[in-house]
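Please look over the model below with this note at hand.

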Amino acid sequence: LSQPLSQSRSFTAAFVAAGIETLVIVIVSLVGMAAVGIPKGLLGVGGCLELTLQLVLPALVFAAVGALMSQLFGTARSARIGTAAILVVAFLLRTAADTGNGIAWVRWLSPLGWFEELHPPAMPSLGALAAIVLSCVVLIAVSVRLLRGRDINIGLLPHSDSRPAQRWLLAAPWQAALRDELPQLGMWLVATLITVALMGGLTKTVVDFLHGDSSLSHLLGSSFGVNSFITATFSLVQLVVALLAVTLMVGARGEEASGRLELLVAGPLSRGRWLVSRTLLAGGAALLLAVLSALTMWAAAVAAGQTLDLATMVEAGLNCLPIITVTVGLAAAVLAIAPRAAAFTYAAVAVAYLWDALGTVLSAPAWLLDASPFHVLARLPLEAFAIVPAVVLMAVGLALGFAGVSRFRGRDLVGA
């Protein structure tokens, strides 16, 4: 801010960035739902748009909540915790309204309840739309007003600048890496699990929609509709866990670029052992997120009154393992061969996912679609688990990982 950049412009830039990220989520979600719903005749373009709208509107509302929290608290960590706490309370209120008798009015106390009142693909509730738009406008207006009346790095709520020393997770390099990544991992977990919980709550909406259309219900059956919806959701989960794995591997590159790795390998820690520990951390965290997503969606669906098979949900979560393995292996190989290009692994994951979705919609040849690892995997629970593609992907991922570790042992460390 020593340059001609005001706090207001910086705040606006951050909120615009959140809007762009939301737009990306809209595109990815719409393509994923269309790829599964349209070819099967389950959803039309309008239905996909309305379901996508119900999925992403919470992002805009809670981006506005985050903007307000950033003015109330002096640190980003405190603002994230405050926003996450509001999300949890909103989810609990909606769950209570969905499961309790005679307390449906509680749904209007929760922003997540407003989104449920949209009822896609039927005509949305004007009251819910008004509440969503008004809350965004009011929260942003209050945030801007507070921004103009406070100093930099000082929130409106008091906080302490000191805290006692924390020595946990410092016994080994991988533990220190986990400790460094915990705030980021926490945000990935919270954001993903809340989104998956929302999708789990929407399974009841899907069943009600099928029951409301007798011809569609007779043709497809409610179980097919629910399985298709879960498949579309886990298509997104596969993308998220792959991006998380890349993020953690890019974090490993950051440790090398900053010079911290040079201090670590100057001791008894070998380069190969360090890279193996970072790949295991990335793969383990991504797999944990996939399994937790399965459990969360199951619990949210049950809370909304729709029974799902727990074993099937866990199987869908574990089906992400081949994607995770090949992604981590690719990231490790790129880190070892071209360390400054490690971040380009994001692009490889995005291209593979978008090609699976767009290629399916465009009816591309099967051999060309199989170039995407997202396509060759079975779409659980809509399809049965396919062991051969899963084994091939894991073998490719392990081979890339071993090649990366071997190359990393013999190259010089590369700074920023």
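1. R379 and D356 meet through their side chains in a salt bridge, at 2.9 Å from N to O. A salt bridge here is a side-chain nitrogen of Lys or Arg within 4 Å of a carboxyl oxygen of Asp or Glu. R379 sits in the loop between α15 (373-376) and α16, and D356 in helix α13 (residues 345-361), so the pair ties together parts that are 23 residues apart in sequence. D356 counts as buried because its relative accessibility is 3%. Buried means under 20% relative accessible area, exposed over 50%, and partly exposed in between (1.4 Å probe, protein chains only). Helices are DSSP runs of H or I with at least four residues, strands are runs of E with at least two, and numbering starts from the N terminus.

2. A word on the source. This is a predicted model, in which local features need pLDDT of at least 70, side-chain atom pairs count only at pLDDT 80 or more, and totals for chains, interfaces and linings use all residues. Residues are numbered from 1 along each chain as its sequence is written, and side-chain values use heavy atoms, with hydrogens and water left out.

3. How many salt bridges does the structure hold? There are 4. Side chains of opposite charge can pair when their charged atoms come close.

4. One of these salt bridges joins E255 to R278, with the closest N and O atoms 2.5 Å apart. This pair links distant parts of the chain: E255 belongs to helix α8 (residues 222-257) and R278 to helix α10 (residues 271-303), 23 residues apart. Are these two residues buried or exposed? E255 is buried, because its relative accessibility is 7%. R278 is buried too, with a relative accessible area of 4%.

5. E256 forms a salt bridge with R411; the closest N and O atoms are 2.8 Å apart. R253 joins them in a network of salt bridges.

6. Back to the loop between α15 and α16. P381 lies there. The peptide bond from L380 to P381 is cis, with omega near 0 degrees.

7. Next, helix α16 and its neighbour. The axes of helix α12 (residues 321-337) and α16 come within 7 Å and cross at roughly 20 degrees. Axes are lines fitted to C-alpha atoms, for helices over the stretch in contact, and angles run from 0 to 180 degrees between N-to-C directions. α12 and α16 are therefore roughly parallel to each other. The cut-offs are under 35 degrees for roughly parallel, over 145 for roughly antiparallel, 65 to 115 for roughly perpendicular, and oblique for the rest. The crossing of α12 past α16 is left-handed. That term applies if the near helix is turned anticlockwise from the far one by less than a right angle; clockwise makes a crossing right-handed.

8. How do α10 and α12 run? Their axes come within 10 Å and cross at roughly 150 degrees. That makes α10 roughly antiparallel to α12. Their crossing is right-handed.

9. Helix α2 (residues 45-72) and helix α5 (residues 126-147) have axes that come within 9 Å and cross at roughly 20 degrees. α2 and α5 are therefore roughly parallel to each other. α2 passes α5 in a left-handed crossing.

10. Which residues make the nonpolar surface patch of about 540 Å²? They are F385, I387, V388, V391, V392 and V396. Patches are made of residues with over 30% relative accessible area and no salt bridge; like charges are joined within 9 Å, nonpolar side chains (Val, Leu, Ile, Met, Phe, Trp, Tyr) within 5 Å. The areas come from the Shrake-Rupley method with a 1.4 Å probe, and for residues only the protein chains shown count as cover. V388 lies in helix α16 (residues 387-410). V388 counts as exposed because its relative accessibility is 58%.

11. V246 is found in helix α8. V246 is buried, with a relative accessible area of 1%. The C-alpha atoms of V246 and T345 are separated by 6.7 Å, while the two residues are 99 residues apart along the chain.
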